[in-house]
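Please brief me on this structure in short points.

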Amino acid sequence: MSPLSANVAVAKLAENPFIHNEKWFYYAPQLQDFFKTSVNALKNGQISQQDKWALCADTMQVHKHATALVEWELETSRARSEDRKARIISKLLDLGYTQDDFPNSSQWLKLIGQPTELTEGVWKNIRPKLKALIVEKRDREANAAFNQRAEARMAQIVLYYLDFVQQLPESRRGMMPNAIDCARLPTLVNLSRRDDAHGDVSHRDFLALADQVLQDAEAYAGHVRENAREIILDGIKFKDAAEAWKTELTQLPPEKFLTRHYALFGCLHPFCPDYFTFEEMHAHWRVTHPNVEWDTRTESYRFLVKCDGEYGLGGEILDAVGLPRDTSINTLTGLIQHGRLYCSCGDPSLPQPEKLSWPKLFKHIHEETRRYRDRLKTLSDRHDHKYVLKNTHQLTGPTACIKLLPEGVDTAPARERATVIDAKVRKKVQERIAAQPAPPVKLICRVCKTITASTGFKCSRLVLPETPEGIVHHLKTWHDKEFEKLDILYYTRHI
């Protein structure tokens with residue numbers, strides 16, 4: 001709305017004198033006259049509404065006259081503006097331009113819509129400015145059309161690329177960019193723009209550049225490996241041994257630190273419970289999140305990929321079995337799958353060695369250790385001391401859970417799981433699980449709840465394993481207790 005238009009709108013509204021307020025401006029002689037003749041009568045309530053209108057009649061007439069003058073000024077200004085605009089457009093058409101050439105920008109409208117006469121001097125001054133705006137519009141539209149054609153071609157190229165990646169060996173596939181990141185590979189960008197982005201791209205055109213695509217992918221892989229340093233540093237401040245970890249990270253190149261025990265990663269898009277090596281994480285991202293850029297960050301500027309490894313705990317596990325802290329993840333996984341490196345806790349949910357890896361074994365120990373520490377920190381001084389809390393994953397001493405068998409010995413201990421329970425006990429557990437109310441429900445441990453009850457520890461974090469074997473094993477190993485039906489509680493809040 002122009003200033004004049006706003007003035008008219010306000011003026012018409014203010015024609016009613018009884019909506020005025022003390023913050024407005026008034027014509028002093030009229031205001032003084034009004035008070036002289038009416039203020040006493042108004043105070044005594046001796047004046048009618050009709051008298052009030054009569055007192056304001058002169059003011060209203062002056063106000064309406066002023067409003068009419070503003071409306072006339074506005075109309076005159078509009079007419080001058082339209083005349084100037086029509087003359088400018090006519091001159092531009094005479095120069096060979098068309099209506100489609102004319103932009104609708106604020107700069108353009110300001111130049112052609114001034115409410116002043118278009119003299120030869122004014123025309124000489126604004127003509128180069130108008131031409132420049134026309135050229136700018138043409139360039140902008142040409143660029144938009146080019147980008148649209150290039151995007152359409154890139155959509156074709158991405159399909160060729162995804163098919164190409166599927167043909168690669170799995171070992172090569174892991175660090176290839178996903179569908180959205182591949183569109184930033186220089187070779188594919190150039191292909192999408194070739195020939196001014198006109199026409200389709202054939203599969204043959206793509207395959208002719210396969211070697212260059214692989215070279216670009218190597219450069220991309222180098223970038224994301226270096227990016228892994230940022231991801232780890234992003235979470236170090238929340239973890240143990242942060243300074244020692246940070247020092248090691250700054251001293252090692254990616255090809256070194258990404259092989260260390262702590263180079264384990266997780267996905268926050270959405271939250272994924274698994275722990276991955278870096279290449280596994282990237283392969284997961286490529287397949288599961290094809291349309292999200294690898295280095296995307298959250299609103300709080302944190303990466304969507306997080307570091308799940310622990311410099312402190314991982315190092316303690318290796319120390320416990322006498323392995324060097326620079327032992328590679330691949331070596332650790334090999335020891336695990338051959339049954340030599342294992343956790344002796346007997347957890348029935350733990351897979352057999354062939355299906356385990358360092359990320360899976362570390363996650364198991366990490367989570368069990370965290371659960372124990374959480375309960376220990378919130379242990380109530382007033383709980384019934386017939387209930388005990390045992391550390392099932394000590395890393396040192398005679399009850400240490402982590403073991404490393406010498407090469408060539410029987411690996412049967414690595415396969416032992418607490419999967420056999422008494423049939424009567426199994427039936428009791430199953431009956432208690434079946435009696436739970438309508439979902440959503442979490443099954444929580446009564447003993448864990450009892451020993452942390454007075455500290456306000458969140459019950460939702462006391463969840464029991466899902467199977468009868470797991471529940472019986474938890475009570476036996478954590479609390480040195482045989483199962484009773486009421487050991488399973490139903491928790492329905494905050495789910």
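This is a predicted model: local features need pLDDT of at least 70, side-chain atom pairs count only at pLDDT 80 or more; totals for chains, interfaces and linings use all residues.

K124 sits in helix α5, where helices are DSSP runs of H or I with at least four residues, strands are E runs of at least two, and both are numbered from the N terminus. K124 counts as exposed because its relative accessibility is 65%; exposed means over 50% relative accessible area, buried under 20%, and partly exposed in between, with a 1.4 Å probe and protein chains only.

Residues are numbered from 1 along each chain as its sequence is written, and side-chain values use heavy atoms, with hydrogens and water left out.

**Other single residues**

- S81 belongs to helix α3 (residues 49–94).
- S81 counts as buried because its relative accessibility is 14%.
- Leaving aside neighbours within four places in sequence, S81 is in contact with I112, G113, Q114 and P115; contact means heavy atoms within 4.5 Å.
- P17 is in the loop between α1 (3–13) and α2 (28–44).
- P17 also counts as buried, at 16% relative accessibility.
- P17 and W53 are 36 residues apart in sequence, yet their C-alpha atoms are 8.5 Å apart in space.
- Beyond its neighbours within four places in sequence, P17 is in contact with W53, C56 and M60.

**The loop between α7 and α8**

- D195 lies in the loop between α7 (186–193) and α8 (203–207).
- A197 is in the loop between α7 and α8 too.
- D195 is not a glycine, but has a positive phi of about 55°.
- A197 is not a glycine either, and its phi is positive at about 60°.
- Is D195 buried or exposed? D195 is exposed, with a relative accessible area of 56%.
- A197 is buried, with a relative accessible area of 3%.

**Helix pairs**

- Two packed helices are described by the angle between their axes and the distance between the axes.
- Axes are lines fitted to C-alpha atoms, for helices over the stretch in contact, and angles run from 0 to 180 degrees between N-to-C directions.
- α7 and α9 pack with their axes 8 Å apart, at an angle of about 135°.
- α7 and α9 are therefore oblique to each other; angles under 35 degrees count as roughly parallel, over 145 as roughly antiparallel, 65 to 115 as roughly perpendicular and the rest as oblique.
- P186, T187 and L188 of α7 make this contact with Q212, V213 and D216 of α9.
- By class, the contact of α7 with α9 has three nonpolar, two polar and one charged residues; Ala, Val, Leu, Ile, Met, Phe, Trp, Tyr, Cys and Pro count as nonpolar, Asp, Glu, Lys and Arg as charged, and the others, Gly among them, as polar.
- The axes of α14 (residues 329–337) and α15 (residues 358–377) come within 8 Å and cross at roughly 80°.
- α14 and α15 are therefore roughly perpendicular to each other.
- I329, L332, T333 and I336 of α14 meet W358, P359 and L361 of α15.
- The contact of α14 with α15 holds six nonpolar residues, one polar and no charged.

**Helix α12 and its surroundings**

- Helix α9 (residues 210–236) and helix α12 (residues 278–288) have axes that come within 12 Å and cross at roughly 115°.
- Y220, V224, R225 and A228 in α9 meet F278, E279 and H282 in α12.
- Four residues of the contact of α9 with α12 are nonpolar, one is polar and two are charged.
- Which residues of α12 are buried? They are F278, M281, H282, H284, W285 and R286.
- The buried residues of α12 pack against α5 (120–167), α6 (170–173), α9, β1 (265–267) and β2 (305–307).

**Nonpolar cores**

- In soluble globular proteins, nonpolar side chains tend to be buried together.
- The largest nonpolar core has 73 residues; such a core is a set of buried Ala, Val, Leu, Ile, Met, Phe, Trp, Tyr and Cys residues joined through side-chain atoms within 4.5 Å.
- Y161, L188, F265, W294, W358 and I402 touch the most other members of the largest core.
- α9 supplies the largest share of this core, eleven residues.
- Not counting residues up to four places away in sequence, L188 touches M154, I157, Y161, C182, F206 and V213.
- A second, separate core has 23 residues, among them I444, C459, W478 and Y491.
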